[in-house]
Amino acid sequence: MTQNRQLYNRQSAGDALSIAFELVATPALFAFFGWLIDGAVGTRPVFTLVLGLFTAIYAGWKAVKTYSDRMEAYDRDLPSRRVDSASETDDD
C-alpha cells in the first residue's frame, strides 16, 4: 500500500470517528444539561427529551449534509466528469 493511500485511510478513519463522536456525545451532553434544567425547574423529562432529541436530529442532519457535500465535490473532481463537461461546452 502506498504512503498516500495509508494517509487517506487514516484521515478517513479519523473523519468517521469524529462523526460518530458527534452523533453520540453531543446529544448526550445536551440531554444531560436538560436533565439538570429539569431538576432545577421541576419538569422531569421535558428539557431532557427536547434538548437531546433536537441535538440528535441536528447532528444527524449535519452528518448527512457533510457526506452529501463531500460526495458532490468528489463527483465534480472525477476526471471523467471534467472531460464530459468540457465536451458539452464545445458542442454548444
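How many helices and how many strands are there in the protein chain? There are three helices and zero strands, where a helix is a DSSP run of H or I with at least four residues, a strand is a run of E with at least two, and numbering starts from the N terminus. Read from the N terminus on, the elements follow the order α-α-α. This is a predicted model, in which local features need pLDDT of at least 70 and side-chain atom pairs count only at pLDDT 80 or more, while totals for chains, interfaces and linings use all residues. Residues are numbered from 1 along each chain as its sequence is written, and side-chain values use heavy atoms, with hydrogens and water left out.

Two packed helices are described by the angle between their axes and the distance between the axes. Helix α1 spans residues 3-41 and helix α2 residues 46-77; their axes come within 7 Å and cross at roughly 160°. Such axes are lines fitted to C-alpha atoms over the stretch in contact, and the angles run from 0 to 180 degrees between N-to-C directions. The helices α1 and α2 are therefore roughly antiparallel to each other, a term for angles over 145 degrees. By class, the contact of α1 with α2 has 14 nonpolar, six polar and five charged residues.

The largest pocket has a volume of about 400 Å³. Its lining consists of 14 residues, and Y8, S12, D15, R70 and M71 lie nearest its centre. Both α1 and α2 give two or more residues to this lining, and α2 provides the largest share, eight residues.

Buried residues, those under 20% relative accessible area with a 1.4 Å probe and protein chains only, make up 10% of the 92 residues in the protein chain. At 33% relative accessibility, K62 counts as partly exposed, the class between buried and exposed, the latter being over 50%. The C-alpha atoms of K62 and E22 are separated by 9.6 Å, although these residues are 40 residues apart along the chain.

Notes: Parallel < 35°, antiparallel > 145°, perpendicular 65-115°, else oblique. Nonpolar A, V, L, I, M, F, W, Y, C, P; charged D, E, K, R; others polar. 1 Å grid on protein atoms, 1.4 Å probe; cavity = no way out; pocket = protein on both sides within 12 Å on 5 of 7 lines; lining within 4 Å. Points joined across faces, edges and corners; volume = space filled by probe spheres on them.
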